[in-house]
Amino acid sequence: MRAELATRNFDHGVHWRILFLGRSVNGSTDIVSCLSRSLRNLGHRVLDIDLKRHRGLVDNPGLAQGGNGPVYVRVDELQAVLDRFAPQMIVCCAGGLTFHPADARALKQRGIVLVGLTLSDPDVFPTVHSHAHVFDFHTTNARVAMPMYRDAGIYNTLYFPFGIDRGFVTQTVPAAPDLAADVICIGHATSRPERNGIMKGLATELNVRTFGRGWELPDSEVVEGRRMVQASREGRIHVNFPLTRAGYINIKCGVFESVGSGALVATGRFEEMSDFFRYDEEILGYENELDLLRQLQTILREPERYREMTERAFERLVGEHLYEHRWIGLFDQIQAAVVSGGSWLGDERAARVREILSESLPRAKHVLLSGFYGASNAGDELILRSISERLEAADPAAQIWVGAENPEQVERRHGLQAFARRNLPHALHAARTASATVLGGGGLWHDYTFERSGGLIGLFQTPQISIAGFGALPLMGRMFDAPFHVVGMGVGPLQDPDARRMVRFLATQADSIMVRDIESANLLEESGVPAEMVQQAPDVVYGLQLPTLPEPIEVSAFREQGRRIVGLNLRPWAHADEDALVDQVVQALLAVGGMQPLALVGIPMQAGDRIDPMMLARVANRVGEKVPTVVLRAPLSPEDLVATLASLDVLVSMRLHACLLTHRLGRPVVGLAYDPKVASHFAELGRAAQCLPLPLPESGLERVLQAALDEQGKLPGNVLARLRQLEAGASSALDDAARRVAAAPVRQAVFEVPRFDGSARPAVPATRVAAPAVATPVAAARLTERAHVTAGAIRMPDDAVVPGSELHAWLTVEEPNIGDAMEVVGTIEVAGQGDVELDLTLRAPYKNEKALKRIFYRLEVGDRWRFTEDLAANDKPVQFRLFARAPAKIQVRLAVYVEQTCFSSSAWPRLSRVALELGMLRSSDHGVRLQLVGSRGNLQRIPATLST
């Protein structure tokens, strides 16, 4: 039956764009994850914004937890998602999630149906019912809660019982005999002595295992993801406790997980359960502990009866009780409510909901798009926008899944589902359901980092960067017969013969190849790729639809002063003398600014303290008041970038796509050719004289900048005509590429529990010896809203585990280079009232006099204090005392960064790990609002920042 279920097609006949908001607290086997997967299995186009990964999307004024509310979704932080994804429906899945009434009204006026799911009723009813009315439709998991909502005047609540998704049931997992037992319980026993008592009693007579937090039996462990599936499959009989914490008898989600695992469920007897499974025929029902023990002993002696009961229960589950069935039932109720009219919605809203849901898309087809996306590089984000828009326009069924450097950034800014491209298990999971894979665009096939990635061997190790890093995902897709297309690729330099061999190998796996310039086409041919495989077309950013946007406020202020506006983009470049470059740019700006009033707008195309913003800040500090300057904050959205570039008189830029986009907007550009691709762009426009080589010729920049200003913010007609040709060529080539991708059939694949999730993690003990309790009668402190920012080669591992009361920052590479950095940002929330003192401990485990002046770490508390120390100087912890007035939210930043290139060592990820720990919290009478003192080191006040 399990194999048959894997081939069965579940389809409700309609497919909507659904924005799914929830927090998968317990990983991929969490109820929230199961509900999201089951929507995908029905063919809906789901954008799952996991609030466990996305920080800052909710306000939780009462610090609610455990499914209680209200926890308000910050709609202002979702504007880009709403604009790009354009959902027909938003599902707020559990966790007390809701909207402020004004936000709910705005979303409804925008044409969105609001659905709220409560999964912890009836326990959370007291904190949920007061905001359930903001949804068009609200659901409860508990039948007993239905009259509670009616009595409270809430009439939009529908019954949505638990189930399990098809992918959980069909998942294939290896046997795990270390988890095997005759009787198991998967759940938590913290503050549940009755559960511990029953399971410990059973363990005196039977082979028993428990999984979850708070269990007192030996060998108990917390399981999630794939290991949870393994544990569930290895237990023959699963004990289920129907009593909730608040004392209600209720059906638990574990019943359906257990049946889906092929196990026999033993649960307390109560009437509602009989509507789902028949006692004594499909499940066991017990009255008390002695009755449970007797029935377990009996059924274990009757293998044939055991088999019959589990098969009957499994057959009923896959026929009636999957979450796919639950969604179909809910959507049937919703459609019935809007058709009948006169419900709680009112006739006008019912008609509007009916209209919204009348648009049905084709069943979703998942297309993987991989590139250097989500890395805060504005040029690559333009490429992503251009390609994804064409793919979606060519195929209404296509849902783009992006293999990204930072998936959360892509999801928030582009409204596209994303995964970590560098994490190969994540990439493989995405490839299993993909109908096609697209690689590009941008300059991804080059040998700048080929040796650093391991050369040819890199493709057979754990490829992260360079040609191998971008080749892994398409090759995985090929293993599942997914077509592979290269779009908008930039090739070169390729001086390393092995790099050419790898490019040739990858190119020959592709169904089509489109490169962005003739130089790339020639390099592929020289590398042995047949010329007939390669199509040359203009850069895909030429094909991006450009909106007309108002001039930014910063630029308008300069314009009102009668100033000409010069935009500037600079980037670090190891092959150039950066100090000399800054000097020449400053001299040119001052010289030209001495003849006419100028203002400078710094345009960072790549975010990061030591990348574009650093170079622009150096120039801004040098020109001072003589050329008023504003440096925009990175990363820039495509819309902000277009609006800024369109407002300039001239742009001076190193980065290709800043040059290209400004030219498309009809503005003169001075190019600084750090790479041949920049010079090639100017040459194809007939503007080679406006592009200067590095190092810059003496007085060259001043001369060319003045000539560009003399063009009065307009390009010659012949250049504009050439731009229109390139735009038309790029659009035509993009449409052709998109049609080739669209020709791939929809792959009928089941979304399952990721095979990487939980299977390779060490067991987490279910019970730990607690530290002595600290009385904190006036307040409590905790760390929330963690977010990691990385630079250089540093990437945050997806499986990183950090204790909830700590912040950790470290270098994830074995050969740290200048510019490598990790910063983690968190918030210390102090609840309560009155003056308090909080102990903080900063730990760095490394001391080595030979490694001094290479790696540093920094702690910033609020916007007032900064502590900096050489990582290798002292391995003793630093003690801080933070004085605050509760309630308070205090931002803290912990960073590790490289100032000099270090020797190679596999120990760097461990030795560079710096941790900030929360300690004891005490009431105090210090009388200050915020103060910090430290036990040693360089603790400084952060100076107030002044804009120029």
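**Close-up 1. The N-terminal cap of helix 19 in the predicted model**. D496 caps this end of helix 19, with a side-chain oxygen 2.8 Å from the backbone nitrogen of D498; a polar contact is a pair of N or O atoms within 3.5 Å, one able to donate a hydrogen and the other to accept it, and residues adjacent in sequence count only if both atoms are side-chain atoms. Residues are numbered from 1 along each chain as its sequence is written. In this predicted model, local features need pLDDT of at least 70 and side-chain atom pairs pLDDT 80 or more, whereas totals for chains, interfaces and linings use all residues; side-chain values use heavy atoms, without hydrogens and water.

**Close-up 2. The buried face of helix 19**. Buried positions (under 20% relative accessible area, 1.4 Å probe, protein chains only) are A499, M502, V503, L506 and A507. Seen down the axis of helix 19, these residues fall within an arc of 130° (directions from the axis to the C-beta atoms), so they line one face.

**Close-up 3. Packing partners of helix 19**. Its buried residues pack (heavy atoms within 4.5 Å) against helix 18 (466–479) and helix 20 (518–526). They also pack against strand 20 (442–445), strand 21 (484–491) and strand 22 (512–515), strands being DSSP runs of E with at least two residues.

Definitions and conventions. Buried means under 20% relative accessible area, exposed over 50%, partly exposed in between (1.4 Å probe, protein chains only). Helices (H or I, at least four residues) and strands (E, at least two) are DSSP runs, numbered from the N terminus.
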